Amino acid sequence: SAHWLDRQRHFLPALRTALPFSRLPLLVIALVLWFCGSGMLSLWVVVLCSILYGVIGGLSVGAWQQLILRTVRTDQRPSLFATRYLASNILGLGVASIVGPILTRWPGTHGYALLHLVAFVGAMVSYRVLMAVREPNAAAHAPEPRRGFLENVRGLPALFAGDRRLSSYLWAVALLNSQFLLMGFLAVHAIDTLHQSQGYVGALTSAQ
């Protein structure tokens, strides 16, 4: 999506189109877990919808970053992100406090269905708030030779090899996010090892 976004004068329309589809997998997971319970169908829906959730969000993150650059002054961006992370942690602690009671009251797929529903509602609220942003007009880009998707992919090795800072940054991001591959398994292992109920996931979520 990067070379397409670089030619756009406005980025809010791209977010308005993509973000509802990135939130929809959460609702699909919630409905399937609630009505279908455990089984292969639910397993595949959870896996595929989680991948879809990440892919659509990843495709639109460039538009979100460009919108930040367009609407927030340079000297205000550090305080913006500091406030964002602080608010995320406070909100995370608040939401984590309902994980334990929900999984204690509705253990299994019903509990996780409700948690995905809560996540969906929160994501839609964030979408509505983002759509209230007013994006200023910008000058049209100078005409550039258009590169297709395959041309961009073929150019990636040279791009990474030619910019050591970019390669280091990508390695750092990959290693940082690799922890999430283990997070769910660590929760299951902790519950089994400590002989706790599913509601203990709430305490683990708060600690995280």
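## Salt bridges

Counting a salt bridge as a side-chain nitrogen of Lys or Arg within 4 Å of a carboxyl oxygen of Asp or Glu, this predicted model has three salt bridges. As background, side chains of opposite charge can pair when their charged atoms come close.

Let us start with Arg70 and Glu135, whose closest N and O atoms are 3.2 Å apart. Arg70 belongs to helix H3 (residues 40–71) and Glu135 to the loop between H5 and H6, so this pair ties together parts that are 65 residues apart in sequence. Helices here are DSSP runs of H or I with at least four residues, strands are runs of E with at least two, and both are numbered from the N terminus. For exposure, buried means under 20% relative accessible area, exposed means over 50%, and partly exposed lies in between, using a 1.4 Å probe and protein chains only. On that scale Arg70 is partly exposed at 22%, while Glu135 is buried at 15%.

Another salt bridge joins Asp75 to Arg73, with the closest N and O atoms 3.1 Å apart. Asp75 is exposed, with a relative accessible area of 56%. Arg165 and Asp163 also pair through their side chains, at 3.9 Å from N to O. Here Arg165 is exposed at 70%, and Asp163 is partly exposed at 26%.

## Around Glu135

Taking contact as heavy atoms within 4.5 Å, and leaving out residues up to four places away in sequence, Glu135 touches Arg9, His10, Phe11, Leu12, Pro13, Leu67, Arg70 and Thr71. The loop that holds Glu135 runs between H5 and helix H6 (149–162).

## Helices H4 and H5

The axes of helix H4 (residues 77–105) and H5 come within 8 Å and cross at roughly 150°. These axes are lines fitted to C-alpha atoms, for helices over the stretch in contact, with angles from 0 to 180 degrees between N-to-C directions. The crossing of H4 and H5 is right-handed; a crossing is called right-handed if the near helix is turned clockwise from the far one by less than a right angle, and left-handed if anticlockwise. At this meeting, Ile98, Val99, Ile102 and Leu103 from H4 contact Gly111, Tyr112, Leu114, Leu115 and Val118 from H5.

Tyr127 is also found in H5, and at 14% relative accessibility it counts as buried. Beyond residues up to four places away in sequence, Tyr127 touches Leu15, Arg16, Leu19, Pro20 and Arg23. Its C-alpha atom is separated by 18 Å from that of Ser50, 77 residues away along the chain.

## Two more residues to look at

His195 sits in the loop between helix H8 (179–194) and helix H9 (201–207). Its phi is near 55°, a positive value in a residue other than glycine, and His195 is exposed at 71%.

Leu156, in helix H6, is partly exposed at 34%. Leu156 and Ser206 are 50 residues apart in sequence and 39 Å apart in space, C-alpha to C-alpha.

## Overall form and confidence

The protein has nine helices and zero strands. Its C-alpha trace spans about 60 × 35 × 30 Å along the principal axes, and buried residues make up 23% of the 208 residues. Of the contacts between residues at least 6 apart in sequence, 73% join residues at least 24 apart.

The average pLDDT, the predictor's confidence in each residue from 0 to 100, is 89, and 97% of the residues score at least 70. Confidence is lowest in helix H1 (residues 2–5), at a mean of 77, and highest in helix H5 (residues 109–131), at 94. Where pLDDT is low, the predicted coordinates should not be read in detail.

## Reading notes

Residues are numbered from 1 along each chain as its sequence is written, and side-chain values use heavy atoms, leaving out hydrogens and water. In this predicted model, local features need pLDDT of at least 70 and side-chain atom pairs count only at pLDDT 80 or more, whereas totals for chains, interfaces and linings use all residues.
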